[in-house]
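Subject: Structure for you to look at

Hello,

Here is the structure I said I would pass on. Please open it first, then read the notes below it.

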Amino acid sequence: MAILTILEFPDSRLRKVAEPVTEVDAALRNLATDMLETMYGAPGVGLAATQVNVHRRLVVIDVSDARDQPLVLINPEIAVLDDTPRDYDEGCLSVPGFYEKVARPERIRVQALDLDGNPFTLEPDGLLSICIQHEVDHLDGKLFVDYLSPLKRQRIRQKLAKLQRATA
Amino acid sequence: MTTEATEATEVRAAAARVVAAVAGGESLDAALPREAARVVARDRALLAELCYGTLRWYPRLTAILDRLLARPLKSRDGDLRALLATALYQLEHTRIPPHAVVHETVAACRALAKPWATGLVNALLRNAQRRRPQLDAALAEDLAYRSAHPPWLARLLAADWPREAEAVMVANNARAPMTLRINQRRTDRAAYLELLAAAGIEARPATHSAAGILLGSPRAVAELPGFAAGLVSVQDEAAQLCAPLLAPGQRLLDACCAPGGKTGHLLELAPDGAELVAIDNSRQRLALVADNLDRLGLQARLLDADAGAPETWWDGTPFDRILLDAPCSATGVLRRHPDIKLLRRAGDIAKLAAAQRRLLLALWELLAPGGLLLYATCSVLCAENDAVVATLTAARADARPLPLPGIPGAATAAGRQWLPGTDDNDGFYYALLEKR
């Protein structure tokens, strides 16, 4: 087990599009374990491989209050069932300390592989649905700040740069 | 992805881990940075506030807690006890809305992997609010509750300072100002006050230290103009009064020098060509002294040694000035180091006094005739101050305490005791001894 380093906006590596996972092997399971530990320690409710500079389609999630229901999605695919948007205050471990409303559809269907390589389907709602969409965006090189106005995005970029200088 | 709720919860859990570590014997300086690294940058000020505040009022908070708990928590639930103390602190001393305190504290039980405690925590915190008047009445005579000091210390203070003890304890529970000392080799006080004003930092000159400046509110040192260039250091006004008592000296010894605040001040005031030997028995803390002196552009001979065993390090040439700022109970600086309320035990005082006597008697032999030794502590306890100096004056006919007209505070048998808070200062003891 290990805590991995999380890339921070505006690091250009967060913009890479991740490659599909071709084989669910021990190395991938180790990576998922490390990502979960990193996510719990951060603390966050979701983490995509892209954020720890591994450009493969893998995300880990736990939205439970007790922090005891880890979920691993490999090669996740999202289908929108109802495109009525819903606002949710999102934050991101790669944009630490900022929360902004983002509108996303809530009713989706997700298909993915589990850690044994078996396919499964989910129809999540609430925070889990939002979180899965947020993490799958990461795999496509997309961040929640991309949904904000350029002005807001610029302000976050500047504040973050200041914080990064202060803690460097 | 993160949510704001997970962050707010994490800060409470981190504060509980810090307070539990201190209750278990670890210093705040060690425990706080470890947890601060785990919360996001903008929550670090809140984390520090929760830790300092809870520790400052800990004896009172735990007195309340023990009244509210139907039966004591198990020893393995020290983190839960600490979490509840941080919650009571927030209810009593902050403007965080009570419902938010209860909600975050309950959620933090889960973050501490103790989901079974959520019901208990919820009920206890609601009781704390509802039963507030009865609790106050029931605890009115409880010494720990009234003073927010460990009872043994409250009793010791009352014995040493019958008239002043109450005020001393009130001062110990207050927040300390951030006080600066200008480096007179690089700037002067008027010029630096102007620099602060230009930077929009409110400040005023200190009353008793010619080099002292009190800031209106604490700042990160990185925000202070010219800090990296050595224009100023952070040092309480009481500590700033030490070095001037020993100026000017040609061959100086700073016997327990870390972290180097007074070492720097001694050198700032020393004439060109003066030589200073600075000793500490912690190599790690000596590195701090070296950093401090580098920043100030000053040089000393730093020795990693036991000042009380001169045969291991002394070259035989006497010193004409010696500063013995002895390791002590730090009971004069509780407002800056509230963890001392938990860390110090009644039995420590006699052990500290024995170590202080050993240092003073050993270092006296290194002082040249006509030379001066300043014995100083940040303790307010007689056993570590006058009583230690009395051992020397009884044993050595050539030791003569000098009056200290420029030093504020109360004259004691051998020196002066400046009690904390009289001028927004730390508590400090000074005895200036001349060798005949």
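In this predicted model, helix H1 of chain B (residues 4-23) and helix H3 of chain B (residues 44-56) have axes that come within 9 Å and cross at roughly 40 degrees. Angles under 35 degrees count as roughly parallel and 65 to 115 as roughly perpendicular, so H1(B) and H3(B) are oblique to each other. The crossing of H1(B) and H3(B) is right-handed.

Which residues meet where H1(B) and H3(B) are in contact? From H1(B) they are B:Val11, B:Arg12, B:Ala14, B:Ala15, B:Val18, B:Val19 and B:Val22. Their partners in H3(B) are B:Leu46, B:Leu47, B:Leu50, B:Cys51, B:Thr54 and B:Leu55. Sorted by class, this contact of H1(B) with H3(B) has eleven nonpolar residues, one polar and one charged.

Now chain A. Chain A contains three helices and five strands, and read from the N terminus its elements come in the order α-β-β-β-β-β-α-α. Its radius of gyration is 15 Å, close to the 15 Å that the globule rule gives for 168 residues, so chain A is as compact as a globular protein of that length. Along the principal axes, the C-alpha trace of chain A spans about 45 × 40 × 30 Å.

Of its 168 residues, 47% count as buried. Among the contacts in chain A with a separation of 6 or more, 66% are between residues 24 or more positions apart.

Regards

Conventions. Residues are numbered from 1 along each chain as its sequence is written. Chains are lettered from A and ligands numbered from 1 in the order in which they are written. This is a predicted model: local features need pLDDT of at least 70, side-chain atom pairs count only at pLDDT 80 or more; totals for chains, interfaces and linings use all residues. Side-chain values use heavy atoms; hydrogens and water are left out. Axes are lines fitted to C-alpha atoms, for helices over the stretch in contact, and angles run from 0 to 180 degrees between N-to-C directions. Helices (H or I, at least four residues) and strands (E, at least two) are DSSP runs, numbered from the N terminus. Angles under 35 degrees count as roughly parallel, over 145 as roughly antiparallel, 65 to 115 as roughly perpendicular and the rest as oblique. A crossing is left-handed if the near helix is turned anticlockwise from the far one by less than a right angle, and right-handed if clockwise. Contact means heavy atoms within 4.5 Å. Ala, Val, Leu, Ile, Met, Phe, Trp, Tyr, Cys and Pro count as nonpolar, Asp, Glu, Lys and Arg as charged, and the others, Gly among them, as polar. The radius of gyration is taken over C-alpha atoms; the globule rule is 2.2 Å times the number of residues to the power 0.38. Buried means under 20% relative accessible area, exposed over 50%, partly exposed in between (1.4 Å probe, protein chains only).
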